[in-house]
Amino acid sequence: MELETFAKCLFCPVTMSPRFLRKEDIDMSGSHSAILGGFILSVLLHACLGASTKLKIDVIPSNPKAGNTVTLNVIGVEGTILFTSWYRGLSTSATDQILTHVNGKDIKGEKFFSDASCSQNGSLVIQNFQTSFNGEYTVQIQTNINLQDGQVTVNGE
């Protein structure tokens, strides 16, 4: 199967949501080729092996109060992080995406809120915590080794 045909059947490497990629999305020149090549390899391995690495996520502080800075601290990432995506809830749908952190920048998702940012280690940092931020969160981290994911529930006051 040609790379162009195969890539059109994949998930978007930034949002991790299923969609058909445009021809410009699969430009194999420059730095994007390494990311796309690694992503395709990861998808193939994930599909063949049927597994991803489960990450542990600690909520710091464990019982956040309104106004606190809260960190959803990711533990156990294996390999070099290529990009990180955080979602509100248990779904990894683009409609639930808070942000994707790639190349040192946060790209806003549909559930983005201005108090959220992602650190280089994949952790989500929430400034000025509010009880409306309570609930479940999902992270997906693509490394040079594999796709890794985890979930956590935040219960603050």
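User: What should be kept in mind about the model and its numbering?

Analyst: This is a predicted model, in which local features need pLDDT of at least 70 and side-chain atom pairs count only at pLDDT 80 or more, while totals for chains, interfaces and linings use all residues. Residues are numbered from 1 along each chain as its sequence is written, and side-chain values use heavy atoms, with hydrogens and water left out.

User: How many helices and strands does the protein have, and what makes a run count as one or the other?

Analyst: The protein has 2 helices and 10 strands, and along the sequence they follow the pattern α-α-β-β-β-β-β-β-β-β-β-β. Both kinds are DSSP runs numbered from the N terminus, a helix being H or I with at least four residues and a strand being E with at least two.

User: Why is Val152 called buried?

Analyst: Val152, which lies in strand S10 (residues 147–154), has a relative accessible area of 10%. Buried means under 20% relative accessible area (exposed is over 50%, partly exposed in between, with a 1.4 Å probe and protein chains only), so Val152 is buried.

User: Which residues does Val152 touch, and what makes a pair a contact?

Analyst: Leaving out residues up to four places away in sequence, Val152 touches Ile57, Val59, Leu72, Gly135, Glu136 and Tyr137, where contact means heavy atoms within 4.5 Å.

User: How do you know that Gly156 counts as buried?

Analyst: Gly156 is found in the segment after S10, and because its relative accessibility is 15%, against a limit of under 20%, it counts as buried. Beyond its neighbours within four places in sequence, Gly156 is in contact with Asn63, Pro64, Phe129, Thr131 and Asn134. The C-alpha atoms of Gly156 and Asn134 are 6.2 Å apart, although the two residues are 22 apart in sequence.

User: Why are S1 and S6 described as standing at the edges?

Analyst: The open sheet of 6 strands has the order S1-S10-S9-S4-S5-S6, with mixed pairing. Strand S1 (53–54) and strand S6 (105–108) each have a single partner strand, so one side of each is left without a neighbour in the sheet.

User: What makes S5 and S6 a pair?

Analyst: Two strands pair if DSSP finds at least two bridges between them, and 4 bridges join strand S5 (residues 97–102) to S6, so the two strands, which run antiparallel, meet that definition. Leu99 stands opposite Lys108 in S6.
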